[in-house]
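Please report on how this chain packs.

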Amino acid sequence: EAALDWDTMTRALAAQPPWWEPGTAHGYHAITFGWLVGEVVRRASGKSLGTYFRQELAEPLGLDFWIGLPESVEPRVARLIPPPLASPDDPFGRALLDRESLTRRAFLNPPTLFTTKGPEFARAIRAAEIPAANGMATARALAGLYAPLASPAPGGMFDRAAVTAMSTVESEGPDRILVYPTRFSSGFMKTIDNRPRDSAILGPNPEAFGHVGAGGSIGMADPAAGVAIGYVMNRMGPGILVNDRGQSLIDAVYDCF
């Protein structure tokens, strides 16, 4: 229940010392990123991140997208089929199963999203604002969120300078949480080729950026091609980056060009 309370989580993060000297390494903030950024937004705007997101992005863009799901939308929620269990033969799976690892702490402390306490608690999870982990959207809405980033224009929601900053790599190399190497710009994931291990190939253009999600979902923008892509699924797939299903869809879009 602690993860459903905004103030509890932001106070805990404020009191948490860094696990390493800033600037010397990087690791994926699996769930904490939403509270860290969200608290900055709340203090700057006076609005919760879910409210700010709805008023400034979802409503102006006409997106069927929520952070903090209203009860009126609850009947439309799709049932997810969980992915295969983590394998100890995979480096990430091995780290996730290790109770002392940073990987497990990042994903399963607290284990809110992985608990089964009945429909009332599931509804409470969807109603709460857990920005890094419980955004609810259709695939069209996910692509629609990235569309202004794929075609920035003067006077638009995002100008080209902002999109360039979103596309510029800020950290890359071994990821202390995801185990495999990753590359990130300011809040977005960039193409990383770890083949034959988990990879994310966001098309052929280095300007592309986006983010993978649980089960292999993906949202991305490519300003060079002027294209935005959104993919979500009911049956969650294996892997921690883009799995074969999502990668085949990304590749098919560029084949069409």
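Rings of Phe, Tyr and Trp (its six-membered ring) pair if their centres lie within 6.5 Å; planes under 30 degrees apart count as stacked, over 60 as edge-to-face and the rest as tilted. Ring pairs link Y28, F92, F107 and F184 into a cluster.

The model is predicted: local features need pLDDT of at least 70, side-chain atom pairs count only at pLDDT 80 or more, and totals for chains, interfaces and linings use all residues. Residues are numbered from 1 along each chain as its sequence is written, and side-chain values use heavy atoms, with hydrogens and water left out.

**Aromatic contacts**

The structure holds seven aromatic pairs. Two of them are tabulated here.

| Pair | Centre to centre | Angle between planes | Class |
|---|---|---|---|
| Y28 and F184 | 6.0 Å | 10° | stacked |
| F53 and F65 | 5.0 Å | 65° | edge-to-face |

Both pairs link distant parts of the chain. Helices (H or I, at least four residues) and strands (E, at least two) are DSSP runs, numbered from the N terminus. Y28 sits in the loop between α1 (6-14) and α2 (32-45), and F184 in strand β4 (residues 181-184), 156 residues apart. F53 belongs to helix α3 (residues 49-61) and F65 to strand β1 (residues 65-67), 12 residues apart.

Buried means under 20% relative accessible area, exposed over 50%, partly exposed in between (1.4 Å probe, protein chains only). F184 has 10% relative accessibility, so F184 counts as buried. F53 and F65 are both buried too.

A charge sits over a ring if NZ of Lys or CZ of Arg is within 6 Å of the ring centre and within 35 degrees of the ring normal. R176 lies over the face of W20, at 4.8 Å from the ring centre.

**Nonpolar cores**

A nonpolar core is a set of buried Ala, Val, Leu, Ile, Met, Phe, Trp, Tyr and Cys residues joined through side-chain atoms within 4.5 Å. The largest has 35 residues, of which F107, I218, M220 and L241 touch the most other members. Elements giving two or more residues to this core are α1, α4 (91-97), α5 (102-108), β6, β7 and α9. The largest share, three residues, comes from β7. A second, separate core of 17 residues includes L142, Y146, A150 and M166.

Contact means heavy atoms within 4.5 Å. Not counting residues up to four places away in sequence, L241 touches L178, M189, I192, N194, D198, S199, A200, V212 and G216.

**Helix α9**

Helix α9 (residues 244-256) has 13 residues. From first C-alpha to last, α9 reaches 18 Å, close to the 18 Å expected at 1.5 Å a residue. The expected span is 1.5 Å times one less than the number of residues. Which residues of α9 are buried? They are G246, Q247, I250 and Y254. These cover an arc of only 100° around the axis, which puts them on the same side of α9. That arc is taken from the directions from the helix axis to the C-beta atoms. The face turned away from the buried side carries the exposed residues D244, D255 and C256. The cover over the buried residues of α9 includes β6 (218-222) and β7 (227-231).

S167 is in helix α8 (residues 160-167). S167 counts as buried, at 14% relative accessibility. Leaving out residues up to four places away in sequence, S167 touches S185, K190, P206, E207, A208 and F209.

G210 is in strand β5 (residues 209-212). G210 is buried, with a relative accessible area of 0%. Beyond neighbours within four places in sequence, G210 is in contact with Y146, F188, M189, L202, G219 and M220.
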